[in-house]
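Hi,

Here is the structure I promised to pass on.

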Amino acid sequence: MPELPEVETVVRTLRNHILHEKIHHVQVFWERTVYESETFIQDLTNQHIQDITRRGKYLIFTLDKGFMSVHLRMEGRFYMTPLDEAPKKHTHVVFYLKDQKLEFNDTRKFGRIKYCTEDPVILLTQLGLEPFDECLNPAYLRLKAKNRSIPIKTFLLDQSVIAGIGNIYADEICFLCHLSPLKKVKTLTLKQWQELIDNVRMVLSDAILAGGTTVRSYTSSLGVTGRFQNTLNVYGRASLACVSCTTPLKSIKIGQRTSVYCPACQKG
Ligand SMILES: [Zn+2]
């Protein structure tokens, strides 16, 4: 599943290629990819792409009138292709621009595209703070964690606390903080919350610089392939030696999600 750094990479890449372009025509091949498919094509046609931004794991296209939000979910991705080329296999929506087309391609069909007249940032208020928001501080996290017995791993994945952290980076962040993914959030000190914030930002900015990670078949749009997976310390390395102390890494399930950690380094 694309995580925040991948979505950020897609946003930056699309900004470089299609900002201010006009959508001349839209084709929808798989209706369930878009909300309100009867009006979707009409709503999008002849609009200009004024801006492309990210909120959590959503891509938000600001148009002349209204907005288009996209969630890539498991395998969604964008391709820029020549106008005269047939759409790729698994392409469900095509946006025809001036000299090229933008294809939304999704082998698993979980991705969703929605047109709305109101700013979806307002509609997405159930999302927590962005990792780089200056309001994200130890006091905010301690308040969110107050009296809660959930594991830190589950807390990091809670999009209403911090928006955009997924399974891969949650494991990496716990490792860098020397915290067991099972540690109960109500027991963290302010100092530990500060370390956690520092590591959240470090891990995500490193990954954005590397162009996002590539796991399974996911690649960022336009041939941008992430290299961050080469620097993952724990994710996907169950039973391999810890990079720090060589103890075999352990794999456990926390809230249905696989978590990999070092039982020696992550005792906190
Ligand atoms: Zn270790």
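This is a predicted model: local features need pLDDT of at least 70, side-chain atom pairs count only at pLDDT 80 or more; totals for chains, interfaces and linings use all residues.

Residues are numbered from 1 along each chain as its sequence is written. Helices (H or I, at least four residues) and strands (E, at least two) are DSSP runs, numbered from the N terminus.

Two strands count as paired if DSSP finds at least two bridges between them. Strands in a sheet pair through backbone hydrogen bonds, either parallel or antiparallel.

Going across the sheet, the pairs look like this:

- β2 and β3 (residues 58-63) run antiparallel and are joined by 6 bridges; R55 has Y58 in β3 as its bridge partner.
- β3 and β4 are antiparallel too, with 5 bridges, and T62 is partnered by F67 in β4.
- β4 and β8 are joined by 5 bridges, again antiparallel, and M68 stands opposite Y115 in β8.

Strand β4 (residues 67-71) is mostly covered, with 4 of its 5 residues buried. Buried here means 20 or more other C-beta atoms within 10 Å of the residue's own, exposed means 12 or fewer, and partly exposed is in between, with C-beta atoms placed from the backbone.

**Helix packing**

α1 also packs on helix α7 (residues 190-209), at an angle of about 40° and with the axes 9 Å apart. The two are therefore oblique to each other; by the cut-offs, angles under 35 degrees are roughly parallel, over 145 roughly antiparallel, 65 to 115 roughly perpendicular, and the rest oblique. The crossing of α1 and α7 is right-handed; that is the word when the near helix is turned clockwise from the far one by less than a right angle, and left-handed is for anticlockwise. L4, P5, E8 and T9 of α1 make the contact with L204, A207 and I208 of α7, where contact means that C-beta atoms, placed from the backbone, lie within 7 Å.

α7 has another neighbour in α6: their axes come within 9 Å and cross at roughly 130°, so α6 and α7 are oblique to each other. This crossing is right-handed as well. On the α6 side Y169, E172, I173 and L176 meet L196, N199, V200, V203 and L204 of α7.

How much of α6 (residues 167-176) is buried? 8 of its 10 residues are, namely I168, Y169, A170, D171, E172, I173, C174 and F175. These pack against α5, α7 and β10. Just after α6, H178 takes a positive phi of about 55°.

V26 sits in strand β1 (residues 25-28) and is buried, with 20 other C-beta atoms within 10 Å. Leaving out residues up to four places away in sequence, V26 touches I41, L44, T45, V93 and F95. V26 and L97 are 71 residues apart in sequence, yet 9.2 Å apart in space, C-alpha to C-alpha.

Two loop residues have positive phi without being glycine. N147, with phi near 60°, is in the loop between α4 (138-145) and α5 (152-157). Q256, at about 75°, is in the loop between β9 (250-254) and β10 (257-261). N147 is exposed, with 6 other C-beta atoms within 10 Å, and Q256 is exposed with 6 as well.

**Domains**

Finally, the domain assignment gives domain 1 (4-123) and domain 2 (138-261); such bounds come from an automatic or database assignment. The centres of the two domains, taken over C-alpha atoms, are separated by 29 Å.

Cheers

Methods:
Axes are lines fitted to C-alpha atoms, for helices over the stretch in contact, and angles run from 0 to 180 degrees between N-to-C directions. Two residues are in contact if their C-beta atoms, placed from the backbone, lie within 7 Å.
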